[in-house]
Amino acid sequence: MMGQPKYAHYMLIVAAVVAGFFVLERLPLGQQISLSLGQVLVWVQAPVRWVDDVSLWFRRTSEVQAELVQARQGLVESSSLTQQNQSLREENRALRALLHITDIQGYQWRAVQVLGRSPEKKSRHLIVHTQAHEDDVVVASTGLVGLVNQSRNGIAVVRTILDGSQAVPVTLHNTQLAALVRGQGSELSVDFIPLNQAPNIGDVLQTSGAGGVFPPGISVAKVTRVDEVPGRIFAHVEAVPTAHWQRESWLAIATHAAASVSSIPQTMP
Amino acid sequence: MMYAFLLLSILGLSCNLAFADTWLQPDWALALWLGALLAHRGYWPWVFAGVSLHDLVFYWSPWVCLPWIVLMPVLLIWSDSQAGPSLVQRLVLMVMMMVPLWLAHWQVPALILTTLLTLLIWYKVSQFHAQSA
């Protein structure tokens with residue numbers, strides 16, 4: 001009998017905590033704390049940068065000279081590659097004009113540094129060093145990463161496409177397919193793919209541009225599994241992101257041109 | 001001591017976020033709070049607050065580790081009353097707390113590191129309590 005009030009007391013506390021956190025989950029508290037931690041991450045990373053800088057003093061001169069020679073060779077090679085790249089870009093532009101293929105227009109692109117990421121095997125959230133708008137599109141060199149969730153004081157938090165709340169309209173190149181990629185934590189599911197239009201394993205799904213949030217033509221997911229579900233008209237399709245943001249230090253952010261005119265100081269000419 | 005724990009846990013959260021791509025790390029903050037709770041269950045208000053912060057920072061939701069940690073003091077009291085206070089049920093509960101991390105797709109080596117760090121903190125906090133008593 002002595003134990004019962006004690007247990008009731010604990011259960012009341014647990015109930016209050018659970019109820020309190022139902023309320024808290026509705027508020028963007030996690031995002032706000034992540035934004036506040038942005039500056040702390042810069043401070044935490046500072047000693048590592050100092051150690052890197054100091055270690056340079058202890059490196060042998062011959063090593064540094066060898067690296068200089070290598071870097072010069074690399075520079076020569078990269079300048080020839082740049083020239084090649086420019087001529088190819090010109091050629092590409094001319095071909096695009098001929099084929100009436102529109103480029104990704106209406107967006108302003110810029111590179112941003114990744115400050116931190118959530119520590120799961122495949123991070124669902126990133127913290128980046130930039131001022132951005134809500135729903136700005138974040139892209140790695142290998143594909144779509146996600147959307148900016150919130151931004152404050154030059155720090156932005158990004159919800160990647162692995163997050164369960166994200167849905168990306170996709171298509172297969174040169175097809176009429178219209179499907180939806182949704183985050184499942186560590187992989188992606190692809191919804192609304194009719195059985196007769198099911199992609200092959202290894203096919204890459206791209207943003208379709210439907211909805212106007214994501215620019216069309218960005219790689220999103222590589223199909224890893226296609227199953228027929230008896231009695232259903234849609235196939236069960238699983239995929240993995242094409243972008244590898246777990247190790248990328250820099251990402252690109254696309255801001256809608258209309259939004260960028262209004263309020264991002266560093267993107268102004 | 002709990003204020004120091006809070007500061008250390010914030011530092012741990014920052015380390016996890018800042019070096020997630022470079023170093024294999026334990027979940028510093030969770031190990032800290034779990035070790036403290038296992039050593040002295042009277043710390044539960046601090047532990048609840050700390051683990052809430054942990055969940056909100058990493059997952060933007062309080063439903064990853066918090067429900068498990070909320071159950072822990074209750075399970076500790078219940079198991080102590082059933083079997084008497086012992087290390088066994090505490091060790092089982094400590095391993096149980098790795099399940100939400102595993103479900104949240106943490107790497108297995110990171111889980112092992114977290115467990116080892118929890119053991120160390122549990123031992124140190126218990127020692128501190130024994131000395132102060």
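A residue counts as buried if 20 or more other C-beta atoms, placed from the backbone, lie within 10 Å of its own, as exposed if there are 12 or fewer, and as partly exposed in between. This is a predicted model, in which local features need pLDDT of at least 70, side-chain atom pairs count only at pLDDT 80 or more, and totals for chains, interfaces and linings use all residues. Residues are numbered from 1 along each chain as its sequence is written, and chains are lettered from A in the order in which they are written.

Begin by selecting B:L30, which is found in helix 2 of chain B (helices, H or I of at least four residues, and strands, E of at least two, are DSSP runs numbered from the N terminus). B:L30 is buried because 30 other C-beta atoms lie within 10 Å. Leaving aside neighbours within four places in sequence, B:L30 is in contact (C-beta atoms, placed from the backbone, within 7 Å) with B:V51, B:H54, B:C65 and B:T114.

Next, select helix 7 of chain B, residues 108–132, where the buried residues include B:T114, B:L117, B:I121 and B:W122. What covers the buried residues of this helix includes helix 2 (28–39), helix 5 (87–96) and helix 6 (98–103) of chain B.

Now move to chain A, where six strands close into a barrel in the order 1-2-5-4-3-12, with antiparallel pairing (two strands pair if DSSP finds at least two bridges between them). Finally, select strand 3 (residues 137–140) and strand 12 (residues 250–256) of chain A, which pair in the antiparallel sense over three bridges; the bridge partner of A:V137 in strand 12 is A:A254.

Terms used: Contact = placed C-beta atoms within 7 Å.
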